[in-house]
Amino acid sequence: ALGRTTGWAEGEPGGKIAFGSVKLAPDEASKEEVFGQAMKWLVERWSAWKPRTVVYEAPIPPYQKHGQTNVNSTAVLFGLPAIVGGVANRVGIYDVRMAHVDDVRRFHFGKRLVRADNPKRRVIEHLQSLGYDIRQHDAADALAGLLFAHSIVAPSVKPAATTPLFAEADR
């Protein structure tokens with residue numbers, strides 16, 4: 001999910017996959033600082049490796065958070081997708097898509113996971129069972145999203161063999 005700490009995953013279908021998470025700004029930072037750091041990080045990341053397609057996780061509407069959010073957090077969660085799309089466009093990436101967490105989890109588990117299922121833990125365990133050395137939930141969500149996106153953009157391509165060698169350090 002996009003947030004002050006954001007998971008990321010990158011790689012071509014059937015090829016090497018890298019993943020991790022990045023803390024864009026401290027918890028007390030303003031939303032403008034979060035947006036500025038997100039822009040800086042994305043430009044640096046996409047200058048090193050320019051993907052053909054960018055897929056980000058759709059923000060969860062505030063009414064589904066059951067009072068566990070505030071206006072500033074909601075602004076960050078809904079502003080970051082605009083930052084992703086804007087930076088992608090600016091650096092020449094024009095295929096930008098949004099994935100809903102329920103669709104990603106349905107792809108991996110065949111059903112929607114509810115809160116009682118402890119979905120963050122389940123996603124990590126599922127990816128570990130596929131051979132990925134992953135322990136951090138933001139990185140796990142990003143990797144699950146990447147595998148889901150690969151199934152859409154290249155459905156006939158099987159994921160590359162997975163070993164811990166394919167993972168980057170900041171899981």
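In this predicted model, helix α4 (residues 119-129) and helix α5 (residues 137-153) pack with their axes coming within 9 Å and crossing at roughly 65 degrees. The handedness of that α4–α5 crossing is left-handed. On the α4 side, the residues involved are K120, V123, I124 and L127, and they meet H137, A140, D141, L143, A144 and L147 from α5. Sorted by class, this contact comes out as seven nonpolar, one polar and two charged residues.

Next up, the aromatics. A search of the whole structure turns up two aromatic pairs. One of them is F19 with Y132: the ring centres are 6.1 Å apart and the planes sit at 75 degrees, which is over the 60-degree cut-off, so the pair is edge-to-face. F19 belongs to strand β2 (residues 18-23), while Y132 is in the loop between α4 and α5, so this pair ties together parts that are 113 residues apart in sequence. As for solvent, both F19 and Y132 are buried.

The other pair is F107 with F148. Here the centres are 5.8 Å apart and the planes make an angle of 65 degrees, so this pair is edge-to-face as well. F107 comes from helix α3 (residues 101-109) and F148 from helix α5, so the link joins parts that are 41 residues apart in sequence.

The charged end of R45 sits over the ring of W8, at 4.0 Å from the ring centre.

Back in helix α4, H126 is worth a look. Its relative accessibility is 19%, and since the cut-off for buried is under 20%, H126 counts as buried. Leaving aside residues up to four places away in sequence, H126 touches H108 and F109. H126 and H108 are 18 residues apart along the chain, and their C-alpha atoms are separated by 8.0 Å. Helix α3 spans residues 101-109, so the contacts of H126 with H108 and F109 run from α4 to α3.

Terms used:
Residues are numbered from 1 along each chain as its sequence is written. This is a predicted model: local features need pLDDT of at least 70, side-chain atom pairs count only at pLDDT 80 or more; totals for chains, interfaces and linings use all residues. Side-chain values use heavy atoms; hydrogens and water are left out. Axes are lines fitted to C-alpha atoms, for helices over the stretch in contact, and angles run from 0 to 180 degrees between N-to-C directions. Helices (H or I, at least four residues) and strands (E, at least two) are DSSP runs, numbered from the N terminus. A crossing is left-handed if the near helix is turned anticlockwise from the far one by less than a right angle, and right-handed if clockwise. Contact means heavy atoms within 4.5 Å. Ala, Val, Leu, Ile, Met, Phe, Trp, Tyr, Cys and Pro count as nonpolar, Asp, Glu, Lys and Arg as charged, and the others, Gly among them, as polar. Rings of Phe, Tyr and Trp (its six-membered ring) pair if their centres lie within 6.5 Å; planes under 30 degrees apart count as stacked, over 60 as edge-to-face and the rest as tilted. Buried means under 20% relative accessible area, exposed over 50%, partly exposed in between (1.4 Å probe, protein chains only). A charge sits over a ring if NZ of Lys or CZ of Arg is within 6 Å of the ring centre and within 35 degrees of the ring normal.
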